[in-house]
Amino acid sequence: MPTKLVKLLKAGLRFLGLAVLFVVTLEICTRIDDMLTWEAPFWGRYDNSLLYVSDRFGIHGRPNGQFEKWKLNQFGFRGPEISKAKPPGVYRIAVMGASEPFGQAESPGMEFPAQLQTILDRSRRGRYQVLNTAVPGMSLPRINEFLGDYVRQFEPDLLVVYPVAADHLDFRCPEPRKALPVPRPKKNRPSLRLLRRLRVVVKRILPTEIASSLRAYQTRRSLRQYGVQEQWRSPPPERLAAYREHLTSVVDQARSCGIDVLLATHAHRFGETLSAADHNWLIAWRKFYPLAGGDCLIQMETEANTIIRRTAKDRGTRLADVADTISPGNENFSDFVHFTDLGARIVAEAIAAKVLEIDGGSSRHASRAGCTHTLGQRMDDSCITAGS
Amino acid sequence: MSFNSFEFAVFWTVVISIYWLMPLRLQNLLLLAASYVFYAGWDWRFLSLIMISTCVDYVAGLRIHAATLAEDASSRTRGRIWLTASICTNLGLLGFFKYCNFFAESTVELFHAFGLEVSPVTLNIVLPVGISFYTFQTMSYTIDIYRRKMAPTRNFLDFALFVAFFPQLVAGPIERAAVLLPQITAKRSFSTGQFTDGLHLIFWGLFKKVYVADNLAPFVDQVFAGNSATGLEVLFGAYAFALQIYCDFSGYSDVARGCAKCMGLELMLNFNHPYVADSPSDFWRRWHISLSTWLRDYLYIPLGGNRQGAGRTCRNLMLTMLLGGLWHGAEWKFVVWGGYHGLLLILFHSSATRTTDNRGQTASLTSRVGRAGRVFVMFHLTCLGWLIFRGQSVGQVSGMLQSLVTAWAPSSLETMWPLVIFGGPLLVVEILQLTARTDDLHGLARVPDWAKCIAYSVLFYLFAFHGAAAQSFIYFQF
């Protein structure tokens, strides 16, 4: 072989070797960093799938699941350990919803259910216990199911529902778990944790305009994949009707189990007029719901909140009008719907005020006789009738 | 656009990609256009100021040179007139945009001190980025021509590039025409080694800025935000600011040098491990070398330097440092800081008899322990100066100094963790560089490639995943 070619090959191999060493070192650094920062295992998979489990109760929080700042207790709820049985004299509040109550951008312990606990403790220590039973992506039908299958066992006195509306603009309207095909379990293939870190860094440094263009492209691609020619300009009536029906079902189920209900309207960052930054956030939000063109998402939020207020009035439940209480913008929102620490505090304060009103008025637990279940009979306990 | 921004990464990649495909004339034209685009990214309105400075000094340089060639008195007078025009134009631009409001407000305060009521007249003047740097750079050109140290360039584009060369335009190093202009006019050939060295410098500069300086910034802000810091917190705050300003400024200089190196141009070393200085004069031979040498050559020496007796030397030192302090910003605290360093230089100069070694440095009269001791003392004297530089007010600085003496007890030892976490890697690399006498890890000849690869990988990890959110460079405000 010619000497020059041999030299070139050697140089190429040397470069390749150093490149591999570079990447391997980065991956080791990532794993050590995860170990030191989050007590993550050095070996094995480490991603947000560690927070979820799919079992007879559907997809919900994994018992003792932990990933980065998110730590779940033995029941798969975010927050401290609790006993399954409600301690005597305690007013138990179960918060149900999706990623907003679960917590995304807030500092650890600053998601609104945790702040609600802190506020209520200041008012009357030991009286209240807040369970954050929210699961990212949980729709109203799933809330209904999960309430009946799982949350009910913890005998909450009050159910705080912070329902997502935008998911009713998805390609498929939300349905209970039973109606959906069973997902295939993911293969446990080794993966580079470094890639996840790189994605975060790239998202951070990419100029907003470029990121928005990419998102708009991804939205158009999704529409093409589903063969959709035209986006919705306003929420379709059948989706709004479905939302109303799903919300009412949740209230009815909770009531039939003797659980008080506090409905909360859903807040978002967009005010009357949209800034340039707001337009970029709207593009980002639309990526998740490609069918919703123009202002459809914001209209859906408005309509959904009207439905929540009407349902609360019709069904005689309490209402925490979070959407009206919290101001739009960067101070309270880290993205289109998720809160900053400050935003979460405002939500917690609004809900706490209502909780104190409710608890001040009620003095005993309601009877749970005759509770019904919407789907499935996945209960560990039979219906409980509590004495008054 | 700042060096630590996505926009600059794209800008530089495009420029360097095209640059090496072009012949010399087009390379210089490309660099000039890129430099103007770079500066316009900050504020396109102030391009006119750079162009004014360029045009005036280009013409002045030619006229001064013509005048110096002729031996008669009227020609010498003409030469002085053109030199004065150049200096007045540059100092006029600098004085108006940087010091106008400062002098107006100070005058009003002076009148108030004498009980005279005067209404202040201040203008809403925006400080053009880099004006303190390029005005000094162009003045050095005309002054060197007047001193017959160099001939002027007849190529306007080359001169315009010398003034506006983007890597060093907004925060130095302040280059000498005699060093940079010949490189601009000479043909440049691509060298893999030089290009690689440039990339290493860029990486190291960005590491210092993004990982060390920007991460220490919140801790420093916290210490200097109020008046309640304990003595230990003040001390750590001073250490942290010392590291922050060093890494911020030297990081910028390294990126500037690295970018230039990748283009076949060598900019001067601006920082030479200043915190291992063992005396005030040694410090100023290591810190912001381009400014300190400029002040030495164009202010201190023309004033007489140290050739006119001890008294005049002290006066010259103090005047140079006061003006050097004022250069940093239109606030009295910078003047006080400059005066503080002037005092240190005077005290050092007036101290006991020294011998000098061949390098012109003060030789250690005792052992390495003695030098370590002097380095320790000088570092803390420098940190004391940084308290003045960074402090918000006289009251705050005096409160901090009081805390150092009377309220030492720390609220928590956690205050030192930012220093350890962010300063630690810097310290390790700086020690390696000092012992190997090189600018960056790349120059550590005896270390095998695989070990360097691992070291760079770890530094890259810290920089990419633990670098703070982009903050502007401290020296941009000067």
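Mentor: Before anything else, pLDDT is the predictor's confidence in each residue, on a scale from 0 to 100, and we need that term since what you see is a predicted model. Chain A averages a pLDDT of 88, and 89% of its residues score at least 70. Over residues 363–388 of chain A, however, pLDDT stays under 50, although the model has 49 contacts beyond four places in sequence for that stretch. Where pLDDT is low, the predicted coordinates should not be read in detail.

Turning now to the meeting place itself, 18 residues of chain A are in contact with 15 residues of chain B. The size of an interface is often given as the accessible area lost when the parts come together; between chain A and chain B the buried area is about 1,400 Å², and carbon and sulfur atoms give 72% of that area.

Among the interactions between chain A and chain B, the count of salt bridges is one, and this is where the side chains of Arg14(A) and Asp449(B) meet, at 2.0 Å from N to O. The count of residue pairs in polar contact between the two chains, with both residues at pLDDT 80 or more, is six. On the side of chain A that touches chain B, α1 (3–38) and α5 (193–205) each supply at least two residues, and α1(A) gives the largest share, nine residues. Sorted by class, that side of chain A has 12 nonpolar, two polar and four charged residues.

Note on methods
Residues numbered from 1 in each chain as written. Chains lettered and ligands numbered in written order. Heavy atoms only, no water. Contact = heavy atoms within 4.5 Å. Buried area = accessible area lost by both parts, 1.4 Å probe. Salt bridge = Lys/Arg side-chain N within 4 Å of Asp/Glu carboxyl O. Polar contact = N/O pair within 3.5 Å; in protein donor to acceptor, adjacent residues only side chain to side chain. Helix = DSSP H or I, 4+ residues; strand = E, 2+ residues; numbered from the N terminus. Nonpolar A, V, L, I, M, F, W, Y, C, P; charged D, E, K, R; others polar.
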